[in-house]
Amino acid sequence: WPGALALSPDGKRLYVANTGWMSVSGIDTTTYKVIDADPGNIFTNEIGVGSAPSALVVGAGGRLFVANRGSASVSVIDTGTNKRIDANPASPSSSDIAVGAAPSALVLQGTQLYVANRD
C-alpha cells in the first residue's frame, strides 16, 4: 500500500512509504530496481519505520523523515546507510520523535521540520 513518495535531492533515489507494512522502500531511479536496505535479512529489503507511514520528506543532509500516522511519530532514516536513526535515545521503547495524533504531512524548512497532525 504505497502512501507517499519522496525524491532525493539528486534525483537518484525514490522513497516509497509502505503504509500497510510499517516500512519504506528505496528505488534506484537509474535502474528502476528496489534497493536492498537490509542485505543480511532474507525476509525484507525495506527500511522499518513506525506504524502506517503517511508522509515523507528528504533533507539535503541525507536524512529521510517519515511521518507515522499510526504511531504518532516521525522516524529518521540515514539515506547513506538506509538505517533508522535513534532520534530518541532517552526512551528504551521508541527510537522515533513523538508528535501529535495522526501526522499526515511534513515540510522541511532549513533545519526545522514541521508536522501536520490530522487528529
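Asn68 stands opposite Ser73 in S8, two strands being counted as paired if DSSP finds at least two bridges between them. The model is a predicted one, in which local features need pLDDT of at least 70, side-chain atom pairs count only at pLDDT 80 or more, and totals for chains, interfaces and linings use all residues. Residues are numbered from 1 along each chain as its sequence is written, and side-chain values use heavy atoms, with hydrogens and water left out. Helices (H or I, at least four residues) and strands (E, at least two) are DSSP runs numbered from the N terminus.

The pairing of S7 with S8 is antiparallel and extends over 6 bridges. Between these two strands the hairpin has 4 residues, and Ala72 in this hairpin takes a positive phi near 50 degrees. S8 also pairs with S9 in the antiparallel sense, over 3 bridges, and the bridge partner of Asp78 in S9 is Lys83. The hairpin of S8 and S9 has 4 residues between the strands, with Asn82 at a positive phi near 60 degrees. A further antiparallel pairing, over 2 bridges, joins S8 and S10; here Val74 has Ile97 of S10 as its bridge partner. Because 5 of the 6 residues of S8 are buried, S8 is largely enclosed by the rest of the structure. Buried denotes under 20% relative accessible area, exposed over 50%, and partly exposed the range in between (1.4 Å probe, protein chains only).

Ser75 lies in strand S8, which spans residues 73–78, and counts as buried at 0% relative accessibility. Its side chain makes a polar contact of 2.9 Å with the side chain of Asn68. The side chain of Ser75 also reaches the backbone nitrogen of Gly50 at 3.4 Å. A polar contact is a pair of N or O atoms within 3.5 Å; within protein, one must be able to donate a hydrogen and the other to accept it, and residues adjacent in sequence count only if both atoms are side-chain atoms. Not counting residues up to four places away in sequence, the contacts of Ser75 (heavy atoms within 4.5 Å) include Val49, Leu64, Phe65, Val66, Arg84 and Asp96.

The largest nonpolar core has 13 residues, of which Tyr15, Val24, Leu56, Leu64, Val66 and Ile77 touch the most other members. Two or more residues of this core come from each of strand S1 (2–7), strand S2 (13–18), strand S6 (53–58) and strand S7 (63–68). A second, separate core of 7 residues includes Ala55, Val57, Phe65 and Val76. A nonpolar core is a set of buried Ala, Val, Leu, Ile, Met, Phe, Trp, Tyr and Cys residues joined through side-chain atoms within 4.5 Å. Among the residues that Val66 touches, leaving aside those up to four places away in sequence, are Val24, Leu56, Ser75, Ile77 and Leu106.

The model has 2 salt bridges, each defined by a side-chain nitrogen of Lys or Arg within 4 Å of a carboxyl oxygen of Asp or Glu. In one, Asp78 pairs with Arg63, the closest N and O atoms being 3.7 Å apart. This pair links distant parts of the chain, with Asp78 in strand S8 and Arg63 in strand S7, 15 residues apart. Asp78 is partly exposed at a relative accessible area of 22%, and Arg63 is partly exposed at 33%. Asp96 forms a salt bridge with Arg84, with 2.5 Å between the closest N and O atoms. Asp96 is buried at 4% relative accessibility, whereas Arg84 is partly exposed at 35%.
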